[in-house]
Amino acid sequence: MTPLFEFHDVRVSSGTADVLNGVTAAIPDRRLTVIAGASGSGKTSLLRLCNRLDVPTSGRIAYRGEDLLDLDPRRLRRRVGMVFQQPALFPGTVRDNLLAAAPKAAEEDLRSALTSVDIDGLLLDRVADTLSGGEAQRVCLARTLMCRPEVLLMDEPTASVHPAAAAILEENARRLSREGGVGVIWVTHDLGQIGRLAEFLLVLENGRVRYTGNPETAAATAALECLTADGTQ
Amino acid sequence: MLEGDVDAVGLAASLILVGIAIAVSLGQQLRIERQLLWATLRAFVQLIVMGFVLAWLLQPGRSTWYSWLWVAGMVVFAAWTVRARAPEVPGLLPVALLAIAAATVVTMGVLFGLGVFPAEARAIVPLGGMMIGNSLGGTVLAARRVADELTDKRPEVEARLALGHSARRAGKPYARSAIRTAMTPQIESTKAVGLVFLPGAMTGLILAGVKPVDAVLVQAAIMYLILGAVATTSVVVALGSIRLLFTPDDRLRPLTRNNAA
């Protein structure tokens with residue numbers, strides 16, 4: 001099966017520092033992939049390359065076999081949706097936010113997008129500013145789902161929400177991956193979350209790939225030690 | 001008619017107020033004493049130079065082409081100033097030049113083409129200065145505001161891009177806010193005209209012996225044109241800045257906040 005994403009010697013430089021330093025890896029399709037690594041290991045940088053919010057300084061990235069640079073960035077971003085670490089809701093109501101992704105969506109579609117992330121459809125007319133952190137992040141997820149993406153990039157989406165809301169988001173991601181046929185790539189440095197979510201694991205350390213593969217091997221456990229050594233857990 | 005004689009003693013007396021401003025700055029630790037001194041000195045030198053240039057331009061028999069050339073120079077200087085005040089927007093100079101030049105051509109075309117004023121040096125240079133000077137303030141505000149908004153609201157802008165929005169669509173709310181900010185001072189001064197202050201052109205005409213009602217009509221025409229010039233240049237520069245701050249493949253360029261005044 002063609003991998004979801006393939007990275008060939010990908011480098012990203014910021015000023016004189018290398019954020020990603022020759023990443024070569026493949027992320028399989030139809031599995032929930034977790035990208036793990038300590039702070040500053042390049043997790044977010046790698047994720048941002050997947051929907052061309054950033055482009056690599058050198059190297060090549062393929063999405064389902066097609067060179068990312070050959071794809072129209074706007075269409076690609078609707079196919080490869082992204083949920084950011086901090087929920088970034090637009091001014092206005094929840095409805096305004098969902099309509100920003102799909103201006104012609106029917107009322108029914110708006111409600112079902114909210115219920116798919118365990119939010120009551122009655123919240124449609126709530127002012128976005130008044131939502132809790134967890135609700136805001138789930139509305140961001142619902143907004144992304146309005147584009148009907150094939151893949152979801154989730155950049156530490158539970159970093160700013162309380163544990164109960166984090167558990168709901170994890171469940172949302174699992175359900176989308178298993179039942180919705182959506183490829184999910186989840187970035188985290190939380191060992192517990194890695195254990196609960198990962199069907200495929202990619203560990204980054206200092207901008208390089210430390211491990212890719214099954215999350216339940218001894219090598220995976222050894223690779224994840226960089227998280228505890230770093231003191232992030 | 002009022003004689004405009006101000007001797008050295010009069011000028012020195014007016015500097016007392018600059019002294020008060022400097023004292024306030026020192027007392028409140030505002031740290032703008034140097035800027036105040038520099039602005040005072042610079043304004044004096046610039047006005048002296050301008051006085052000599054105007055005297056040269058106004059000599060009988062002098063071609064008005066020199067006045068137009070002076071206006072063209074002001075357009076270039078204004079565009080250069082916009083670029084210097086908003087250095088975080090790359091390649092802003094041609095956009096500012098186009099916007100200010102177009103607004104100047106249109107407003108001067110109306111003022112002189114329709115015969116509101118005779119096309120003479122004593123009208124071309126000061127009126128050109130009014131149009132360009134007011135447009136300059138608006139365009140600097142528009143460009144800086146766009147850059148600041150996109151810097152502060154980067155997560156929101158990138159969330160819009162991540163939904164497949166084009167750079168133009170993603171930047172629209174911030175361009176709108178920048179244009180509103182850029183135009184507000186001009187709208188406020190237009191609303192307050194006659195109630196709070198009497199603008200320069202009208203005052204000058206009345207001092208020169210023109211009937212107040214005629215002076216008012218001329219001033220109204222000038223204010224409307226300034227409002228139009230500020231609106232046009234702000235819109236062009238705000239939308240141009242949006243275009244310049246995104247890459248052709250709809251990514252937001254890295255931005256750093258410029259704290260220069």
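Entry 1. I looked up the salt bridges across the interface of chain B and chain A, and the rule finds three. I note that the model is predicted.

Entry 2. I examined one salt bridge by name. The side chain of A:Arg74 meets that of B:Asp250, with 4.0 Å from N to O. I also recorded seven residue pairs in polar contact between chain B and chain A, both residues being at pLDDT 80 or more.

Entry 3. I turned to the extent of the interface. In chain B, 15 residues are in contact with 22 residues of chain A. The buried area between the two chains is about 1,600 Å², and carbon and sulfur atoms give 57% of it. I noted that B:Ala162, B:Leu163 and B:Arg251 supply 36% of the area that chain B buries against chain A, more than any other three residues.

Entry 4. I traced an open sheet in chain A. Its four strands have the order 2-1-4-5, and the pairing is antiparallel. Strand 2 (17-27) and strand 5 (66-67) of chain A each have a single partner strand, so one side of each lacks a neighbour in the sheet. I followed strand 1 (residues 5-14) of chain A to strand 4 (residues 58-63) of chain A, and they pair over five bridges in the antiparallel sense. For A:His8, the bridge partner in strand 4 of chain A is A:Arg60.

Methods
Residues are numbered from 1 along each chain as its sequence is written. Chains are lettered from A and ligands numbered from 1 in the order in which they are written. This is a predicted model: local features need pLDDT of at least 70, side-chain atom pairs count only at pLDDT 80 or more; totals for chains, interfaces and linings use all residues. Side-chain values use heavy atoms; hydrogens and water are left out. Contact means heavy atoms within 4.5 Å. Buried area is the accessible area (1.4 Å probe) that two parts lose on being put together, summed over both. A polar contact is a pair of N or O atoms within 3.5 Å; within protein, one must be able to donate a hydrogen and the other to accept it, and residues adjacent in sequence count only if both atoms are side-chain atoms. Two strands pair if DSSP finds at least two bridges between them. Helices (H or I, at least four residues) and strands (E, at least two) are DSSP runs, numbered from the N terminus.
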